[in-house]
There are 2 protein chains.
Amino acid sequence: MDSPPATPRTTVRRLAARGRYDRETIHGILDEALVCHVGFVVDGQPYVIPTIHARVGDTLYLHGSTVNRMLTTLREGVAACVTVTIVDGLVMARSAFHHSMNYRSVVVLATAREVGDPEERRQALEAIVEHVAPGRAKDARPPSEKELRATLVLALPLDEASAKVRTGPPVDDEEDYALPCWAGVIPLTLTAGPPVDDPRLAAGIAPRPELVAYRRRPAGA
Amino acid sequence: MDSPPATPRTTVRRLAARGRYDRETIHGILDEALVCHVGFVVDGQPYVIPTIHARVGDTLYLHGSTVNRMLTTLREGVAACVTVTIVDGLVMARSAFHHSMNYRSVVVLATAREVGDPEERRQALEAIVEHVAPGRAKDARPPSEKELRATLVLALPLDEASAKVRTGPPVDDEEDYALPCWAGVIPLTLTAGPPVDDPRLAAGIAPRPELVAYRRRPAGA
């Protein structure tokens, strides 16, 4: 896969060896991350708001109410930043200074366009449901015309994006390896518990197996 | 506990019933969240960068390298936004439209001050280590003078902050409750696996019990 070149704004400067610019890495992190954090500016004040996203090809979709301030601000074509972060582990070094985290993050700089085409809107909303729970778009009642009219869908191109990844054990100063201090990694994952039935669930309806065995990382990854 | 009043900028407008402004809720979410996302503006472009934080009283501390662009930008006293988000579950409604998430988030608007006082710097850095892993500041080698000189510590007051919280089952349109679609909540938690020893760990050093039983939510919560 060809990947868009890194720009000066997306080139990882701090700890540059952690920077990744290939499409496969960026897409994989965006797809695994459940939520993103969207940055935008109103009257000089930055705001950072969590929301759900979905990727389709080289496009990132956001959605929400037509009166959502984040979305109505982004719709004006202002500069936005969308960041996702997956924490994979706590890196415990022998010195406080070298403590770190294993993580995978992606930063996307873009301006949004409002999605008006009904078919693209439908696909984007389905992608968002499927991003959260694969198979769910088939199970749930699709949006009505009224619900669609109340929903704003924005598309952001993934032309200017970079990933940053840390993996592996701590890296201590050579003289600290002799210290009698445990060092290593505490792995962390977002883990699903057993599905909790809606109190109003009718008798005899079970969740599909994918929900019972829910996990963020795609099988095989 | 008295809590600072919500300001027009931090009053939750969308789904206002989810807004929380009491200090106890805000502090609890900030303390449980492992990382935050920091928003700042450079040349009109917002950036959102993940980092580790720690709260001490009504102050939020950030730290990093003295050449970290996020920190050197914030040090100038520009407007910043720090957001933390804890995802507690996937809310599966009978309609695609009413799907949601259970979450707890906090948005802090503030300008940073650089921490120069050596004692406050020491306490802030210790708080950051303890935020990640309670007890760890005692086990690890404390920062050297050289390491301290390479570290920038910023303090942000928690004067203008709000939380947003969703809990509970899906809320469907009344006519959708008859649909033969499973509905409920998939609980999600950030879960620790068994500690992985550093390949260079000396024989006979075990992780402290708090690391073996690592969890983000404070005991009793």
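Me: Leaving aside its neighbours within four places in sequence, which residues is B:Pro195 in contact with?

Reply: In this predicted model, B:Pro195 is in contact with residues of both chains once its neighbours within four places in sequence are left aside, namely A:Gly184 and A:Ile186 from chain A, and B:Pro207, B:Leu211 and B:Val212 from chain B.

Me: Where in chain B does B:Pro195 lie, and is B:Pro195 buried or exposed?

Reply: B:Pro195 lies in the loop that connects strand E10 (184–192) with strand E11 (196–197) of chain B. A residue is called buried if 20 or more other C-beta atoms lie within 10 Å of its own, and B:Pro195 counts as buried because 21 C-beta neighbours fall inside 10 Å. As a reference for distance, B:Pro195 and B:Ser105 are 90 residues apart in sequence, and their C-alpha atoms are 28 Å apart in space.

Me: How many residues does each chain bring to the contact between them?

Reply: Chain B brings 80 residues to the contact and chain A brings 79 residues. On the side of chain B that touches chain A, the elements giving two or more residues include strand E2 (35–42), strand E3 (45–56), helix H3 (118–132) and E11 of chain B. The element that gives the most to this side is E10(B), with 9 residues. Sorted by class, the side of chain B that touches chain A holds 51 nonpolar, 15 polar and 14 charged residues.

Me: Which strand of chain A is joined to E10(B), and in what sense do the two run?

Reply: Strand E11 (residues 196–197) of chain A is joined to E10(B) by 2 bridges, and the two strands run antiparallel. Within this pairing, A:Asp197 stands opposite B:Gly184.

Me: How do the strands of chain A pair, and which strands are joined to E9(A)?

Reply: One of the partners is strand E1 (residues 19–20), which pairs with E9(A) in the antiparallel sense over 2 bridges, with A:Arg20 standing opposite A:Ala163. Another is E6(A), joined to E9(A) by 6 bridges and also running antiparallel, and here the bridge partner of A:Val107 is A:Ser162 in E9(A).

Me: Which residues have the most contacts inside the largest nonpolar core?

Reply: The general idea comes first: in soluble globular proteins, nonpolar side chains tend to be buried together. In this structure the largest nonpolar core has 116 residues, and those with the most contacts inside it are A:Val108, A:Leu154, B:Val108 and B:Leu154. Apart from neighbours within four places in sequence, A:Val108 is in contact with A:Leu60, A:Cys81, A:Val82, A:Leu156, A:Leu158 and A:Ala161.

Me: Why is A:Tyr61 described as buried, and where in chain A is its place?

Reply: A:Tyr61 is buried because 23 other C-beta atoms lie within 10 Å, and its place is in strand E4 (residues 59–65) of chain A. Beyond its neighbours within four places in sequence, the contacts of A:Tyr61 include A:His53, A:Ala124, A:Ile128 and A:Leu154.

Me: Which residues of helix H1 in chain A are buried?

Reply: In helix H1 (residues 23–32) of chain A the buried residues are A:Ile26, A:Gly28, A:Ile29 and A:Leu30. The elements that cover them include strand E3 (45–56), E4, strand E5 (79–92) and strand E9 (161–166) of chain A.

Key: Residues numbered from 1 in each chain as written. Chains lettered and ligands numbered in written order. Predicted model: local features only at pLDDT ≥ 70, side-chain atom pairs only at ≥ 80, totals over all residues. Core = buried A, V, L, I, M, F, W, Y, C linked by C-beta atoms within 7 Å. Buried ≥ 20, exposed ≤ 12 C-beta atoms within 10 Å, placed from the backbone. Contact = placed C-beta atoms within 7 Å. Helix = DSSP H or I, 4+ residues; strand = E, 2+ residues; numbered from the N terminus. Nonpolar A, V, L, I, M, F, W, Y, C, P; charged D, E, K, R; others polar. Pairing = 2+ DSSP bridges.
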